[in-house]
Structure formats: C-alpha cells, structure tokens
Amino acid sequence: MLLLQKTRLFSLFGISAAGGIFHNVGQVIVAACIVENIHIFLYLPVLSLAGAGTGILLGIIATFTLQHIKKLPLIKRLHTLS
C-alpha cells in the first residue's frame with residue numbers, strides 16, 4: 001500500500017481496495033500452507049471481491065476521518081510549525 005501511495009497514481013480508495021485484496025491473498029497463501037491443499041485458492045476470487053469492497057468502504061471512512069482530523073486545533077498548530 002505504501003508503494004502504491006508513493007506512485008501518486010492511486011486514490012485513497014484504490015490503495016485501500018488493493019490492501020483488502022492483498023490481505024486476502026496473504027490469508028489464502030497461509031491457509032494453503034497450513035492445510036497443505038492448493039485447492040483453497042479457489043476461494044480467492046470471492047475473497048478478492050469482498051476485500052475490494054471492504055477496502056473501498058475503509059477508504060471512504062478514512063477520507064471522512066482525515067477531513068475532520070485536519071480541522072482539529074492541534075493539527076492546525078502542527079502545520080503552522082512546519
């Protein structure tokens with residue numbers, strides 16, 4: 001996600017969706033190693049859709065949260081110091 005952010009090609013929604021997808025990829029890899037069955041990768045398309053959906057939802061929440069954090073007096077003072 002940090003690499004995607006540094007490219008400046010992706011919005012917060014895209015970065016969050018990618019994070020959700022890759023989180024599920026990691027979970028499926030670990031699950032395949034634990035159960036020693038590669039067929040568990042058949043779940044990946046469904047999990048990727050769910051990961052993208054929850055990632056976009058988290059991106060929306062993060063956007064609203066960041067908008068409100070920027071209005072806090074402490075944050076405003078920190079920005080004037082830099």
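Q: Why is E36 called exposed?
A: E36 has a relative accessible area of 71%, and exposed means over 50%, with buried under 20% and partly exposed in between (1.4 Å probe, protein chains only). So 71% puts E36 in the exposed class. This is a predicted model, where local features need pLDDT of at least 70, side-chain atom pairs count only at pLDDT 80 or more, and totals for chains, interfaces and linings use all residues. Residues are numbered from 1 along each chain as its sequence is written, and side-chain values use heavy atoms, leaving out hydrogens and water.

Q: What makes the phi of E36 worth a look, and where does E36 lie?
A: E36 is not a glycine, although its phi is positive, about 55°. E36 lies in the loop between α2 and α3; helices here are DSSP runs (H or I, at least four residues), numbered from the N terminus.

Q: How do you know whether R8 is buried or exposed?
A: The relative accessibility of R8 is 75%, so R8 counts as exposed by the cut-off above. R8 sits in the loop between α1 and α2, and it has a positive phi of about 60° without being a glycine.

Q: How do you know what span is expected for helix α2?
A: The expected span is 1.5 Å times one less than the number of residues. Helix α2 (residues 12–35) has 24 residues, and its 35 Å from first C-alpha to last is close to the expected 34 Å.

Terms used: Helices (H or I, at least four residues) and strands (E, at least two) are DSSP runs, numbered from the N terminus.
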